[in-house]
Amino acid sequence: MSWTYTNNPTGSSRDALRLAVGDTIENDPRLSDEEVEHFLALYPASLDLAAAKAAEAIAARYSSMAVSYV
């Protein structure tokens, strides 16, 4: 698994998607580069849609970690 962020959202679709979903901290990655590229390939015409689908995937991952205190 690789993870990169070059702080260049204007010049890199990967960076733009990472910025949109809040995945810019190397020590706390949410998506691998391969996963980011998957969403960009699925929705090549819409970075917003790719980011929305990536955010849904992140939410699904973390929802399984939820703990109920009721």
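Exposed here means over 50% relative accessible area, buried means under 20%, and partly exposed is in between, using a 1.4 Å probe and protein chains only. Asn7 also has a positive phi of about 55°, although it is not a glycine. You'll find Asn7 in the segment before helix H1 (13-21).

A quick word on what we're looking at. This is a predicted model, where local features need pLDDT of at least 70 and side-chain atom pairs count only at pLDDT 80 or more, while totals for chains, interfaces and linings use all residues. Residues are numbered from 1 along each chain as its sequence is written, and side-chain values use heavy atoms, with hydrogens and water left out.

Now the overall picture. The chain has three helices and zero strands, in the order α-α-α from the N terminus. Helices are DSSP runs of H or I with at least four residues, strands are runs of E with at least two, and both are numbered from the N terminus. Along the principal axes, the C-alpha atoms fill a box of roughly 45 × 25 × 20 Å. There are 70 residues in the chain, and 26% of them count as buried.

Let's take the helices in turn. On H1, the buried residues are Asp15, Ala16, Leu17, Arg18 and Val21. They pack against helix H2 (33-42) and helix H3 (47-63), with contact meaning heavy atoms within 4.5 Å. After H1 comes Gly22, with a positive phi near 75°.

Next is H2, whose buried residues are Asp33, Val36, Phe39 and Leu40. Why do they sit on the same side of H2? Because they cover an arc of only 125° around the axis, the arc being that of the directions from the helix axis to the C-beta atoms. An α-helix has 3.6 residues a turn, so residues three or four places apart point the same way. The buried residues of H2 pack against H1 and H3.

So what makes up the largest nonpolar core? It has ten residues in all: Leu17, Val21, Leu31, Val36, Phe39, Leu40, Ala50, Ala51, Ala54 and Ile58. A nonpolar core is a set of buried Ala, Val, Leu, Ile, Met, Phe, Trp, Tyr and Cys residues joined through side-chain atoms within 4.5 Å. H1, H2 and H3 each supply at least two residues of this core, and the largest share, four residues, comes from H3. In soluble globular proteins, nonpolar side chains tend to be buried together.

Where is Leu31? Leu31 is in the loop between H1 and H2, and it counts as buried, at 2% relative accessibility. Leaving aside neighbours within four places in sequence, Leu31 is in contact with Trp3, Leu17, Arg18, Asp23, Val36, Ala54, Ile58 and Arg61. Take Arg18: it is 13 residues from Leu31 along the chain, and their C-alpha atoms are separated by 8.3 Å.

With neighbours within four places in sequence set aside, Ile58 is in contact with Val21, Arg30 and Leu31.
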